[in-house]
Amino acid sequence: HVVEQGVDTVVLPRQEVVVRNDYFYYIKDYITGDTLHNEVPSLFSPMSFVFGIPESYVADKAGLACVGWAIPLSSQYKLKKGAIIDLIIPSVSGNSSDNAAFRPVFYKHLQYSDFGPIDIAI
């Protein structure tokens with residue numbers, strides 16, 4: 001769900017994307033069978049990844065970045081810097097621990113708060 005489309009610029013390949021969010025919760029943990037609706041504050045916010053470099057989607061300091069964050073930035077959706085979305089990420093597009101636990105995650109107000117310089121060294 002797009003809350004705000006963002007303004008100004010679209011992300012380019014090899015740009016660092018800074019991501020923030022209000023909170024996230026696990027929709028269902030298929031290992032335990034629990035549906036978890038407790039809101040977990042984003043203690044690790046902000047986080048980042050390099051758009052177009054899949055290895056960076058799992059390389060943030062907290063281990064929480066995932067390919068699911070990059071998909072809304074594709075040209076199909078036309079989100080720009082500052083865009084805010086409510087996002088459900090299926091476990092297959094989530095981080096490694098969510099993928100292993102078959103655990104989809106809901107992110108409230110995921111914001112693409114900054115697009116950094118293009119990293120030509122990668």
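Of the 122 residues in this chain, 41% are buried (under 20% relative accessible area, with exposed meaning over 50% and partly exposed in between, for a 1.4 Å probe and protein chains only). The model is predicted, so local features need pLDDT of at least 70 and side-chain atom pairs pLDDT 80 or more, while totals for chains, interfaces and linings use all residues. Residues are numbered from 1 along each chain as its sequence is written, and side-chain values use heavy atoms, leaving out hydrogens and water.

Let's start with the overall layout. The chain holds 2 helices and 7 strands, taken as DSSP runs numbered from the N terminus (H or I of at least four residues for helices, E of at least two for strands). Read from the N terminus, the order is β-β-β-β-β-α-β-α-β. Among contacts with a separation of 6 or more, 66% join residues 24 or more positions apart, where contact means heavy atoms within 4.5 Å.

Now step inside, to Leu-87. This residue sits in strand 6 (residues 84–89) and is buried, with a relative accessible area of 13%. Leaving aside residues up to four places away in sequence, Leu-87 touches Gly-68, Trp-69, Pro-72, Val-105, Phe-106, Tyr-107 and Leu-110. Leu-87 and Val-105 are 18 residues apart in sequence, and their C-alpha atoms are 8.1 Å apart in space.
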